[in-house]
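Hi there,

Here is the structure I promised to pass on to you.

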Amino acid sequence: MMTGRYADIIVDISHENVDRPFQYRIPDSLRDKLETGMRIVVPFGGGNREVEGYVIGITDRAKCAEDKMKEILRISDGDIPIEGIQIKMAAWLRYQYGSTMITALKTVLPARKRTRGLQSRRICLKASEREARELLKKCRVRKTQAARARLLERLCEEGELSYERALRELAVSPGVIHTLEKNGILTVVSEDRYRDPISHAAPTPDGEEKRLVLSGEQQRIVRDVLADYDAGKPDRYLVHGITGSGKTEVYMELIAGMLARGRQAIVLIPEIALTYQTVARFTARFGKRVSVLHSRLSAGEKYDQCERAKKGEIDIIIGPRSALFTPFPRLGLIVIDEEHEASYKSETAPRYHAREAAAELAGYFGASLVLGSATPSLESYYAAQQGRLRKYELSRRLTGGELAKVYVEDMREELKSGNRSIFSRRLLQLLAKRLEAGEQSMLFLNRRGYAGFVSCRACGHVMKCPHCDVSLSEHGGGRLVCHYCGYEQPAVKRCPACGSKYILGFRAGTEQVEEQIRRLFPQARTLRMDADTTRRKDSHEVILTSFLGGKADILIGTQMIVKGHDFPDVTLVGILAADLSLHAGDYRAGERTFQLLTQAAGRAGRGEKPGEVVIQTYQPEHHAVRYAAAQDYKGFYEEEMAYRRLLSYPPAAHMMAVLVLSKEEEAGMSLAGELAQRAAGVCGEGALHIIGPAPAAISRIGDRYRAVFYARSGSAKTLIAAREALEELLERKRPQTETVQFDFDPMSRY
Ligand code: ADP
Ligand code: ZN
Ligand code: ZN
């Protein structure tokens with residue numbers, strides 16, 4: 001708990017106001033009682049009228065002369081309102097992950113819409129879709145009507161869109177909209193009511209149409225969670241079950257239970273999995289009690305969902321990481337599906353992990369926390385082993401469907417027998433069979449976290465840092481660099497293990513894969529999904545839907561294709577370069593690879609027909625590959641955990657990255673050095689182990705140099721204490737051109 005003589009207060013708590021707190025004196029009578037997040041009464045303005053405000057910080061540092069400062073009158077009566085909890089959450093984020101209180105508050109509070117008038121107008125298609133499409137055709141061939149074509153195209157796809165979006169995203173002028181309205185093609189509707197981002201979902205007579213009988217395993221989870229909740233002992237649970245084992249049904253049953261108890265629920269899913277399919281499943285059951293939050297909503301739409309949540313107009317929110325901060329006053333349940341996903345970690349300060357923040361938040365409300373995954377994070381499984389999470393297994397696929405047959409193809413052998421292409425002979429054979437049978441295949445190029453590692457095509461040997469056991473990355477000028485400790489060596493011409501000259505980085509991308517497939521199988525219809533082809537807002541959904549509709553034989557893509565949609569007609573999955581993510585140069589590479597391979601393998605054979613999976617690799621003996629092929633999570637966990645213990649990587653220990661951004665390279669390195677020394681000094685040798693500083697993997701972004709060091713410790717508290725000491729030092733020093741960022745238990749290297 002913070003102590004101090006002054007309190008920073010905001011009256012009318014909102015995202016926009018947190019930059020301008022007012023400072024008040026804390027009277028002696030409240031000195032030990034006041035806490036961040038409390039609602040208090042203060043004299044305000046010239047007339048000193050009494051208003052309520054919130055404490056957002058307590059300090060000994062006065063911002064102005066003490067005699068000019070007013071004094072807090074009293075603490076408000078009654079329960080802590082949701083705003084108080086939001087502030088408490090922000091204070092925890094600040095403490096746990098490091099950032100300013102203002103940034104933390106902005107993370108937690110939704111930004112208010114600015115232009116209500118404009119945003120509450122919607123453009124709806126009035127003409128029939130056929131008419132609109134005909135007009136669209138005509139507009140497309142005329143250069144002067146490009147704006148019209150853009151608008152019509154969007155309207156044909158979506159039926160309606162917000163006026164503001166038409167202006168901003170499509171760059172359509174009000175004049176164009178007006179003309180089309182005059183011609184009866186569209187109407188502009190003004191709305192005062194809250195924007196419901198899923199109003200386009202098929203209307204449902206509040207659920208109930210299809211209730212499944214839960215299996216014994218499913219029932220046990222639901223029973224236990226609700227019983228604990230009713231006994232006033234809400235707990236944290238991990239549901240470990242492969243895709244299709246009925247986790248979502250369990251979540252829905254739990255939500256139903258919470259609604260019956262007058263409680264509300266937050267369901268986090270990775271943004272990439274937030275598809276129409278997923279949302280439709282929840283709306284089919286819960287109707288208008290459900291809403292969504294995601295990055296494609298406008299600020300106004302997001303704000304509205306939060307207002308509706310606060311007022312109790314909705315009880316269930318589905319969304320990615322940030323949906324955790326939906327201000328439900330009666331929160332009873334938080335679900336985090338695919339809890340292992342890296343996207344649950346924020347990439348900007350405060351760099352919080354939604355799983356940890358959810359546990360904290362659940363504590364404030366006495367809510368239950370349910371994590372679900374087919375491949376739990378090492379963190380969660382470890383917590384379960386230690387009894388900090390209660391673990392449940394869902395062991396079967398409920399829709400029938402056998403697990404796929406997995407082949408591991410050793411690409412070193414392919415090279416030996418003269419096959420230098422990116423496809424193994426087995427994969428080509430099976431692809432040909434699929435094309436003949438008219439079945440679908442997916443080809444997955446695993447480029448996640450790819451860092452330019454160097455490996456031997458003949459023996460699979462990977463160039464690694466002798467100190468950190470992570471892969472070295474190829475840099476310009478023929479150097480190989482370790483991004484943890486800065487170790488460097490010249491590039492090699494021959495493999496140190498076998499002497500082969502085929503030692504190099506991997507360069508193929510999805511585009512080349514598609515080209516080669518077209519050359520090998522001219523008759524095949526292909527679709528490609530990667531960052532390039534999904535730049536447009538709904539292109540994701542469009543590609544997946546057309547593949548689902550059988551419009552292509554082979555879908556080629558990056559990790560995007562292994563999540564979300566279910567494709568019952570896919571009977572073959574090829575994983576082209578399993579190794580790429582194995583050597584991302586950070587300690588989670590093995591875990592990420594195992595997860596990706598398992599997920600990708602799970603794509604094949606979801607329907608009636610059995611599936612086959614081909615994993616191509618230069619390292620068939622790597623434990624991530626072996627256990628993924630065997631679909632053995634437990635085996636993988638044991639071996640990976642042993643490695644983390646051996647090298648004191650999380651979750652066996654904790655790790656903090658300290659990133660220094662600077663204008664001058666030297667100045668950045670020198671500040672990083674000073675901070676590293678201070679961190680070691682404050683905690684005492686032995687309590688803290690410092691690695692680095694070294695230039696980051698991406699050593700410069702824009703005109704900012706990036707230096708980084710890592711501190712490891714068995715205790716999270718030690719790392720937090722070190723961070724606070726560094727923050728204090730920076731507060732005193734106030735470096736002019738350098739900024740410092742902290743990342744607790746980082747998900748990847750810098
Ligand atoms: P997961 O979330 O683990 O992928 P889902 O809850 O989506 O699993 O369930 C997979 C499929 O199995 C869905 O089609 C779902 O309707 C069905 N299912 C789930 N539970 C049952 C059950 N108890 N009986 C029959 N079918 C079920
Ligand atoms: Zn070799
Ligand atoms: Zn190293």
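**Salt bridges and where they sit**

Arginine 5 is partly exposed, at a relative accessible area of 37% (buried means under 20% relative accessible area, exposed over 50%, and partly exposed in between, with a 1.4 Å probe and protein chains only). Its partner in a salt bridge is aspartate 60, at 3.6 Å from N to O (a salt bridge is a side-chain nitrogen of Lys or Arg within 4 Å of a carboxyl oxygen of Asp or Glu). Aspartate 60 is also partly exposed, at 47%.

Please keep in mind that this is a predicted model, in which local features need pLDDT of at least 70 and side-chain atom pairs count only at pLDDT 80 or more, while totals for chains, interfaces and linings use all residues. Residues are numbered from 1 along each chain as its sequence is written, chains are lettered from A and ligands numbered from 1 in the order in which they are written, and side-chain values use heavy atoms, leaving out hydrogens and water.

Now to glutamate 727. This residue forms a salt bridge with arginine 94 (3.8 Å, N to O). Arginine 94 lies in helix H1 (residues 82-97) and glutamate 727 in helix H22 (residues 716-733), so their bridge ties together parts that are 633 residues apart in sequence (helices are DSSP runs of H or I, at least four residues, numbered from the N terminus). Arginine 94 is buried, at 18%.

Glutamate 727 also bridges to arginine 723, with the closest N and O atoms 3.5 Å apart. Arginine 723 is buried, at 1%.

Overall, the structure holds 52 salt bridges.

Best wishes

Methods:
Helices (H or I, at least four residues) and strands (E, at least two) are DSSP runs, numbered from the N terminus.
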